[in-house]
Amino acid sequence: TIDNERREPPLTPPLRTRLSTFAHRLSSPRVIHAKTNMDCPAHAVFPTSRPPPEGLRCKTVHLIRHAEGTHNAAELEAERRQRFMKREEWRALRETHGVAFYLLESVTGLTYWDPPLTRLGRRQAAKLRRELTRSNVTFDAIFSSPFRRTLQTAMIGCPQIECLHRARPWWRKLGAWLRHEPCRPPPVVTTDLLRERIANYTSDGRRTVTQLAAEFPRVNFGEVSEEDRPFLESKELGKQEQPLVRARARRAVQWLMDRPTQQRTVAVVTHSHFLLALLGLFRLPDEGLLRFANAERRALHLCACQNDAQEGCDPTCTSAAAAAEKPP
């Protein structure tokens, strides 16, 4: 017989207890530290559901992944049609690179070098613009990687700089002229710190600054070299890929915090691998580390730990330990 009185209590807590715990977590302020090699925060991030803590130097950063590029569509189409089955060497490349094998120069040449947005990508960026307009979000500055797909996403997706986009539909230009809407965009600045992980895929390379400036004439390319030197000289491959991209992401965080103080609400338009590396610097919950969809936006308060006593900074840290990790 079974002694009901001696049964062990269930391992799972009652539903009411779990709901109460979950509600407490939501109501409690969440401090998410940046990790350095000594696990001592140089920066911290906070959710935008409440103002950032007083005493910290902060920026509100809207992280945006570019909308769908022609290379994204090509990868999916090649996988759907199983094009890797056409050649034995393609099968081997598919085993090594996954769906991205289709973007190798040995497979498709330079077809997907610095690819633009697809028609679907332009619709995704337009949806982002409507979302920002409804939310009444305005930016003091827009930072982007120096690639066509990120710059096109910014031009179409950010309402304040849509007037700069040369491919803007004529009816939008006419409507703005009839309403006497001035074109007063915030600065748009590019930097290679925000580029995608630098691998051997042709989509990881970009056009020259001269070519990009012709397409995006009012974008600041002052911090970018004329030729794509990182693609030629600074690959982020193999075992060094993750530490190299993380180190670059850390430098990008410092670069953002060093921008002028009046640039308090900013957009960062970048790429999926880089976004995961950047968010991986912080102790985010699992849902915060999910891969970004095309044209997805996530906002957070990014704050600098200026001294150990401030909220969000570990009081056991010394200023030396809080220094940023040096790239390997």
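Let me start with contacts, meaning heavy atoms within 4.5 Å. In this protein chain, residues 24 or more positions apart account for 77% of the contacts with a separation of 6 or more.

A word on the source. This is a predicted model, in which local features need pLDDT of at least 70, side-chain atom pairs count only at pLDDT 80 or more, and totals for chains, interfaces and linings use all residues. Residues are numbered from 1 along each chain as its sequence is written, and side-chain values use heavy atoms, with hydrogens and water left out.

Now the overview. The protein chain has 11 helices and seven strands. Both are DSSP runs numbered from the N terminus: helices are H or I with at least four residues, strands are E with at least two. Of the 328 residues, 47% are buried. Buried means under 20% relative accessible area, exposed means over 50%, and partly exposed is in between, with a 1.4 Å probe and protein chains only. The chain exposes about 18200 Å², and carbon and sulfur atoms supply 52% of that. Those areas come from the Shrake-Rupley method with a 1.4 Å probe; for residues, only the protein chains shown count as cover.

Next, strand E3. Eight of the nine residues of E3 are buried, so the strand is largely enclosed by the rest of the structure. Which strands does E3 pair with? With E7, E3 pairs in the antiparallel sense over eight bridges. With E6, E3 pairs in the parallel sense over six bridges. Pairing here requires that DSSP finds at least two bridges between two strands. Two examples. Cys58 stands opposite Cys303 in E7. Ile64 has Val269 in E6 as its bridge partner.

On to helix H11, residues 272–279. Six of its eight residues are buried, so to speak mostly covered. The buried ones are Ser272, Phe274, Leu275, Ala277, Leu278 and Leu279. What do they pack against? Strand E3 (57–65), helix H10 (241–257), strand E6 (265–270) and strand E7 (297–304).

That brings us to the cores. A nonpolar core is a set of buried Ala, Val, Leu, Ile, Met, Phe, Trp, Tyr and Cys residues joined through side-chain atoms within 4.5 Å. The largest one has 29 residues. Leu63, Phe143, Leu278 and Leu302 have the most contacts inside it. Which elements give two or more residues to this core? They are E3, strand E4 (141–144), H10, E6, H11 and E7. H10 gives the largest share, seven residues. Here is the general background: in soluble globular proteins, nonpolar side chains tend to be buried together.

Look at Leu63 in particular. Beyond its neighbours within four places in sequence, Leu63 contacts a list of residues including Val268, Leu275, Leu278, Leu279 and Leu300. There is also a second, separate core of 20 residues, and Ile64, Leu128, Phe139 and Val188 are among them.

Now for charges. How many salt bridges does the structure hold? It holds 15. A salt bridge is a side-chain nitrogen of Lys or Arg within 4 Å of a carboxyl oxygen of Asp or Glu. Arg81 and Glu77 form one, at 2.4 Å from N to O. Glu79 and Arg94 form another, with the closest N and O atoms 2.6 Å apart. This pair links distant parts of the chain: Glu79 is in helix H2 (residues 70–80), Arg94 is in helix H3 (residues 88–97), and they are 15 residues apart. Glu79 is partly exposed at 25%, and Arg94 is partly exposed at 23%.

Then there is Arg148 with Glu215, where the closest N and O atoms are 3.2 Å apart. Arg148 lies in helix H6 (residues 148–157) and Glu215 in helix H8, so the pair ties together parts that are 67 residues apart in sequence. Is Arg148 buried or exposed? Arg148 is buried, at 14% relative accessible area. Glu215 is partly exposed, at 22%. Finally, Asp192, Arg195, Arg206 and Asp228 are linked in a network of salt bridges.

Last stop, Arg197. Arg197 sits in the loop between strand E5 (188–190) and helix H8 (209–215). Arg197 is buried, with a relative accessible area of 11%. Its side chain makes a polar contact of 3.4 Å with the side chain of His273. A polar contact is a pair of N or O atoms within 3.5 Å; within protein, one must be able to donate a hydrogen and the other to accept it, and residues adjacent in sequence count only if both atoms are side-chain atoms. Not counting residues up to four places away in sequence, Arg197 also touches Asp204, Glu236, Glu241, Val245 and Arg248, among others.
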